[in-house]
Amino acid sequence: MTYDFFYKLFGSQVIAAIIQSLLPLFVFILPFALFAVWLERKVSAHMQDRLGPMRVGWHGWLQTVADILKLIQKEDIIATANDKPLFNLAPVLVFVGTYAAFAAIPFTSAFIGSNLDLGVFFIVAVSGFVVAGILMAGWASNNKYSLLGAMRSAAQIISYEIPTVMVIITIVMITGTLNLNTLSQLQTGHFWNWMIFGGPVFGVSKFLMIPFMIISFGIIYISTLAEVNRTPFDIPEAESELVSGYHTEYSGMKFAMFFLAEYANMFAVSAIVTALFFGGYQSPIGYIGHLLGLPWLVPIEQLFWFTAKGLFFVFVQMWLRWTLPRLRVDQLMTACWKYLIPIAFADLIIIGLITLI
Amino acid sequence: MREYFKNIWAAVFTVLVGMKVTFKHLFVPAVTIQYPDVKPKLPERERNRLYVNMDDCIGCDQCARACPLGIINIETVKALPTEDLKTSQGRKKALWVTNFTIDFAKCCYCQLCVFPCPTECIYMTDVYEFSEYERENLIYNFSTLTPEEIEQKKTNLSLFEAEKAKEKAAKSAAAPAPAKPVPPAAPTETKKEN
């Protein structure tokens, strides 16, 4: 819809496509990253009975803007022993991998970067870029701690991709589509049509599915948490043992790009969880736009609901970060291979059997 | 197998308990004090920057002698008998305090200078924000006299002493008494400088 609008406006498919592709970055991801960094600092501060940033703007809401301004002015340090091409490429690659995932995420029914039929598959595939970028950063930094962090990150992301994909398969098995936009449309109506409550088809199977859906949701949430390197799975960047892991050697804008990618990634995985289990952009209680007969209001409401749900899961990620201690490497692998994967597998089979009813 | 499910239960349950605790703390009022805007209440006997009330200072040098670091420097000039100097308690002051410096860069805030003061004119205040870019700026001079006044006091005294000495000389010439002219027995004899 937005693409058609820009096409009509400029009369050129190229310009329309460029605008369409840059829209989420400047309208959504940059403001979101700034807001999320501020939110993270405020949430962490209040959970520890502190106040957090208070001096720049009302309750410090401009603090991250000030930080970004500072990072832009900073010297871009490249050590002599760094592998320069890889070192410069790594942050870009990490960010590209993260940003590409946003292409298939439906923000509203009116805006989706690219209405891919293989949406979920595309996201899973493209987020593999991040691993390459992180490994590149760790290797090119020529720093043993960075390399350790990068290796851990690779091991972790690859391991936790398996339960994520298994849960995605369960959803795909029920709905029969990989397109996130279609998936969101399927869960229309009220909140009891969401996948977490057994999907839109009413029947015995719906109620049988609910407990297994909740288990699936738990698994995908835990494993995506590990994929974005958040606590308790933050061993790749463990501040206290690896001095922030793979981005130790980065400064200035390159460091900011890693940071931006991290926060964008947080939202990306929350958005996937939302789209798969919590109705995507669908409102849980119906639309005011339909009620008032204003059809243009509906996409705006959908954007609001999508952002609200995404932000809620981002908040839970932060909440977990300030609750749980970091896992050890062996515990991390145990949690994945001995617990999440078998449970996800059993879950897949049981839900498969239920769908046969 | 039982162990396995117990582990899962323990993990889920303990995470939820932890989340409950942190969530409660979200709403606990912060203990942070917004320092430059809101200042913490100091204890009553807080020891901070010294202040000297020069109206009451009699220049007795007791504080300088009590100071373990020797950072109080007092110089005095005797007052003329004609000058009527009084403390706020009405006590007679015999000296002009021409110089009273305290080097706060070295002060250890031990408060030992406060107790010997006979007029209670040196005391601790609640001021603790007095950092400076130059070390010299931390040497505080409490003397209220201007350099001109100090000069004037000194010349006054020397003139007075010269006059006294002249008088003495005249007297001793008249009646052969002590050979050496004793310095004037100004009313400062009890509290002499150094």
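So, chain B and chain A: together they bury about 1,600 Å², and 65% of that sits on carbon and sulfur atoms. Buried area here is the accessible area, with a 1.4 Å probe, that two parts lose on being put together, summed over both. On the chain B side, B:Tyr4, B:Met19 and B:Leu26 supply 32% of what chain B buries against chain A, more than any other three residues.

Quick housekeeping: this is a predicted model, so to speak of local features we need pLDDT of at least 70, and side-chain atom pairs count only at pLDDT 80 or more, while totals for chains, interfaces and linings use all residues. Residues are numbered from 1 along each chain as its sequence is written, chains are lettered from A and ligands numbered from 1 in the order they are written, and side-chain values use heavy atoms, leaving out hydrogens and water.

Back to the interface. We have 18 residues of chain B in contact with 19 of chain A, contact being heavy atoms within 4.5 Å.

Now, which helices pack against H1(B)? One is H2 of chain A, residues 13-47, which packs on H1 of chain B, residues 2-26, at about 95 degrees with the axes 7 Å apart. Helices are DSSP runs of H or I, at least four residues, numbered from the N terminus. Axes are lines fitted to C-alpha atoms over the stretch in contact, with angles from 0 to 180 degrees between N-to-C directions. So H2(A) and H1(B) are roughly perpendicular, a label for angles of 65 to 115 degrees. Here A:Val43, A:His46 and A:Met47 meet B:Thr22, B:His25 and B:Leu26.

Then there's H13(A), whose axis comes within 9 Å of that of H1(B), crossing at roughly 100 degrees. That makes this pair roughly perpendicular too. From H13(A) you get A:Phe315, A:Val316, A:Trp319 and A:Leu320, against B:Val15, B:Met19, B:Thr22, B:Phe23 and B:Leu26 of H1(B).

What about charges? Between chain B and chain A the count is one salt bridge, meaning a side-chain nitrogen of Lys or Arg within 4 Å of a carboxyl oxygen of Asp or Glu. The partners are B:Asp37 and A:Arg55, with the closest N and O atoms 3.3 Å apart.

Over all chains, the count is nine salt bridges. Among them, A:Arg326 and A:Asp234 pair at 2.8 Å, N to O. That one links distant parts of the chain, 92 residues apart: A:Arg326 is in the loop between H13 (297-321) and H14 (329-356), and A:Asp234 in the loop between H9 (204-227) and H10 (239-242).

Methods. Helix = DSSP H or I, 4+ residues; strand = E, 2+ residues; numbered from the N terminus. Parallel < 35°, antiparallel > 145°, perpendicular 65-115°, else oblique.
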